[in-house]
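Open the structure in your viewer and follow the stops below. Each one says what to select and what is there.

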Amino acid sequence: MPGQHLKMMRLALTEARKGVGKTAPNPAVGCVIVKDGAIVGKGWHRKAGTPHAEVHALRAAGALAEGADVYVTLEPCSHFGKTPPCAKALIEARVARVFVAMVDPNPLVSGRGIGMLREAGIEVEAGILEAESRELNLPFIKWIQTRRPYVVLKSALTLDGMSATASGDSKWVTSDAARREVHRLRGRLDAIMVGVGTVIKDDPLLTCRVPGGKDPLRVIVDSTLRIPRHAALFSLKSQASTVVATCCSDQARIEALAAHGVEVLLCKDSEGRVDLDDLLVKLGERGVQSILLEGGHHLAGAFLRGGLIDHCMLFLAPKLVGGVGRGLFAGEGVHLMAAAIRLEEVKVKRIGVDLLVEGKPTDRSTFNVQR
C-alpha cells in the first residue's frame, strides 16, 4: 500500500474522531480530498441529520474536487435519508478516485455506494486501514447489525483488585488524571448506566465535566423504584435526560418520578429484577448505540453473568486496600481459573500515576449463557 494512501486515510480517521459521541445513530466519518498531492478539502460528520463528511469536504474543495482523490473512512451512502446520498455528490463533483476504509455494514448501503461510484466510472479501492475504521465505529457496527448498544464496563480498582474498602468507601480510588479521562469517555458514549444502589450511596451527577463535553443519557437500573426523590440528578441543568429502568408497575411511584421530569422505562422481570437483556433491546430501539456501565458491583456482576459486556476499561491505582474490601463483580463467579473469561486485544496505557487496562471479553459462555 503506497505511503501516501495510508497517510491520507489516517488524516481522514483523525477527522472522523472529531465526531465520536456526537453522531448517533449515525457513524463517525471523516473525509479528505487530495488534488495533485495537496489537501484541498477536509470534513467530518458532526451530527445526525446534518451534512455528511464528504459534503463538508466537497464544499471546502469547491471546483478543485474535479479530478481529485477522495479518502473516506466509511463507504459513501447511496440512499436518501435525512440527507441526499454522498455517492451522488461525489459523482456530480467529478472526482477521479475514491479510497474507502471499510464497507458500510448498514444493509441499506453495504456495497451500493461503491457500486454507484464504479458505475459512474470512478475508480474505487476499499480496505485501507479497515481495522482502524472498524475500531472507531464499533458501537455503530453492533447497533446496525443487532439493534443493541455496545456496552463498555468502566471501573477503578486498587492493585489488589478492590473497588472500595470493607466499609464501602471508594473516594477516590484513582487520581485526578484518571477521573478526567473518565469524564472525556462519558462525552464520547451515548448513555451512562448505574444501579440504584450507587445513586443511594454516592448521589452522583453522571455528567460530563470537561470543557465542550456533552452529557450522556443517564440510565438508572432500579427494579423496585426505591430511588430517593432528593437525588442530585433530579435537579440537574442538563440537556441529557434521565431514564429509570424498572420492572415495578407501581403507578404512584412512577407518577412521582415523572413529576421530577424522569422517564420510567418498564422492562421485563427476571427473578424480581430488571431483565438486562430486555433493557438493552429497549435502549437500542431508541437509538442508543453505546453505554458506559459505571456501577456498582451488583450491576456489573449481572452484566458479566449475562454475557452483556463488549469492552472493559479498568483503571488500576498503585494502592493496596488489604483485607476483605469490595471487588469489581458481585455474585457467583467461575469455580475454576481455567474457566475465567479472558480479554483479547488488550491495551495498557499510563494515565497519571494509574494504569488503564482495556480489552474485549472473548468467551462469554462461561456462565452457560443462552443468547
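## Sheet and salt bridges

Start with Val152: its bridge partner in E13 is Leu292. This is a predicted model. Now widen the selection to strand E6 (residues 150-158) and strand E13 (residues 290-295), which pair in the parallel sense over four bridges.

Next, show the whole sheet. It is open, has nine strands and mixed pairing, and runs E10-E9-E8-E7-E13-E6-E14-E16-E15. Strand E10 (263-266) and strand E15 (343-351) are the edges, each pairing on one side only. From one strand to the next, the twist averages 25°.

Turn to the salt bridges, 16 by count. Select Asp310 and Lys142: their closest N and O atoms are 2.8 Å apart. Asp310 is buried at 7% relative accessibility. Lys142 is buried too, at 19%, because the cut-off for buried is under 20%.

Move to helix H7 (residues 176-188), where Glu181 and Arg184 lie three residues apart, about one turn. Their side chains form a salt bridge, 2.9 Å from N to O. Glu181 is buried at 13% relative accessibility, while Arg184 is partly exposed at 36%.

Then select Asp278 and Lys282, four residues apart in helix H10 (residues 276-285), about one helical turn. Their salt bridge has its closest N and O atoms 2.8 Å apart. Asp278 is buried, with a relative accessible area of 9%; Lys282 is partly exposed, with 24%.

Last stop: select Glu135, Glu345 and Lys360, which are linked in a network of salt bridges.

Definitions and conventions. Residues numbered from 1 in each chain as written. Predicted model: local features only at pLDDT ≥ 70, side-chain atom pairs only at ≥ 80, totals over all residues. Heavy atoms only, no water. Pairing = 2+ DSSP bridges. Helix = DSSP H or I, 4+ residues; strand = E, 2+ residues; numbered from the N terminus. Axes fitted to C-alpha atoms, helices over the stretch in contact; angles between N-to-C directions. Salt bridge = Lys/Arg side-chain N within 4 Å of Asp/Glu carboxyl O. Buried < 20%, exposed > 50% of the residue type's maximum accessible area, 1.4 Å probe, protein only.
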